[in-house]
Amino acid sequence: MKKKILLKVWIVLIVLTVSVALVANLTLSISFTAIIILSLSILKFLGVSFYFMELKKAHVFWKAAVLMYVFLFFVIIIILL
Amino acid sequence: METITVNKNKLYYPPGGILLWIIIFLELFTFGMALIAMVFYSKYEPEVFHNSRLLLNSTFGAVNTVFLLTSGFFMAISVKSFKKNNIKKTTYFLRLTMFGGILFLVLKSVEYYFKIESGYTIGYNTFFSFYWMLTLFHVIHVIVGLVILFNIYIGFKQQKSSNSVEDFESSAAFWHMCDLIWLLLFPVVYLIF
C-alpha cells in the first residue's frame, strides 16, 4: 500500500468523522439520522480494515467475512431502531 | 534497500495472521452483540436512553475517533517502513502511534472523571451500564494494544532486533482492531439515541 494512498484514506476518514459529528447535530428524523451516521461509520470501518489493515490484499474469504459482518451489524441495528 | 514481502493472498495468511483474525472476529462479534443488545434495550426506555445520550460529550468522542484514526494511520506507515527495512522510520512512526493511543486514554480519563463527578456511574441507569461496560472494555483493549506496541518498540531498540514482519503485522492488526471497535462504539453509544 503506497503512503500516498494511506494519506488519502486517512484524510477521507477524518472528513467522514467530522461529517458524522455534523449530521448528528442536524434536526432530521431520528431513524434517518441514524441511517446516515451508521452508513458513514461503516465506510470508516471498511477504510481502516481494507487499507490500514491491508485486507484489500488478503484472500476473498476475509474480505467477504468483514463485509458480511458490517452488513449484518448495520441491518440488525436499523431494524431494532 | 532490501524489501521484505509476505504473500498475503492465501486463505490461511490474512495480514496479521489467521489466529489474530480469529481473535478480531470474536472481539467484533462480542462488541457487536453488546451494541445490538444496547439498541434492543433502548426500545424499552427510549427517553432514558435519549436523555442519557445527551449527557455524553460527543465532541470528546469525535476527537477520540480522530486520535485513534491518526494513530492507526501512523501504524500503517510504520508497518510499511518496516517492510522496507527502514528501522529508524519504523520506530519514529511507532512512537507516534503510541502517542495517539495515550492521547485517547488521557481524553477518555477526563471524560470518565466528569461522568463520575456528576454521579453518572455504572449503576445510574441502563444506558450508563452499557456505556461503562462497553467503553471500559474497549479502554482495556487499548491499554493491552499499547503494551504490545511498547514491547515491539523495545524489541526494535535492542542491538539485534528480534521482531519479525509477522509479529509486527499481528501487533498492528491488534491495534487496528481497537480502531474498528471504537468505530462501532462511537456512533451507537454517543450519537444515534
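How much of residues 61-80 of chain B is helix, and how far apart are the end C-alpha atoms? That stretch is 100% helix and 0% strand, with its end C-alpha atoms 29 Å apart. Keep in mind that this is a predicted model, where local features need pLDDT of at least 70 and side-chain atom pairs count only at pLDDT 80 or more, while totals for chains, interfaces and linings use all residues. Residues are numbered from 1 along each chain as its sequence is written, chains are lettered from A and ligands numbered from 1 in the order written, and side-chain values use heavy atoms, leaving out hydrogens and water.

**Chain A**

- Chain A has three helices and zero strands (helices are DSSP runs of H or I with at least four residues, strands are E runs of at least two, both numbered from the N terminus).
- From the N terminus on, the order is simply α-α-α.
- Its C-alpha trace spans about 40 × 25 × 10 Å along the principal axes.

**Chain B**

- An unreviewed UniProt entry puts "transmembrane region" at residues 18-41, 61-80, 92-110, 130-153 and 173-192 of chain B; positions follow the numbering used here, feature names are shortened, and annotations may be inferred rather than shown by experiment.
- Residues 18-41 of chain B are also 100% helix and 0% strand, and there the end C-alpha atoms sit 34 Å apart.
- Helix 5 of chain B (residues 126-157) has 32 residues and reaches 47 Å from first C-alpha to last, close to the 46 Å expected at 1.5 Å a residue (the expected span is 1.5 Å times one less than the number of residues).
- B:Asn125 caps the N-terminal end of that helix, with a side-chain oxygen 3.1 Å from the backbone nitrogen of B:Phe127.

**Where A meets B**

- The contact (heavy atoms within 4.5 Å) takes 38 residues from chain A and 44 residues from chain B.
- Together the two chains bury about 3,800 Å², 81% of it on carbon and sulfur atoms (buried area is the accessible area, with a 1.4 Å probe, that two parts lose on being put together, summed over both).
- A:Met53, A:Trp62 and A:Tyr69 supply 19% of the area chain A buries against chain B, more than any other three residues.
- One salt bridge turns up across the interface (a side-chain nitrogen of Lys or Arg within 4 Å of a carboxyl oxygen of Asp or Glu).
- B:Lys83 pairs with A:Glu54 in a salt bridge, the closest N and O atoms being 2.9 Å apart.
- On the chain A side, the elements giving two or more residues are helix 1 (3-24), helix 2 (30-52) and helix 3 (60-80).

Terms used:
Polar contact = N/O pair within 3.5 Å; in protein donor to acceptor, adjacent residues only side chain to side chain.
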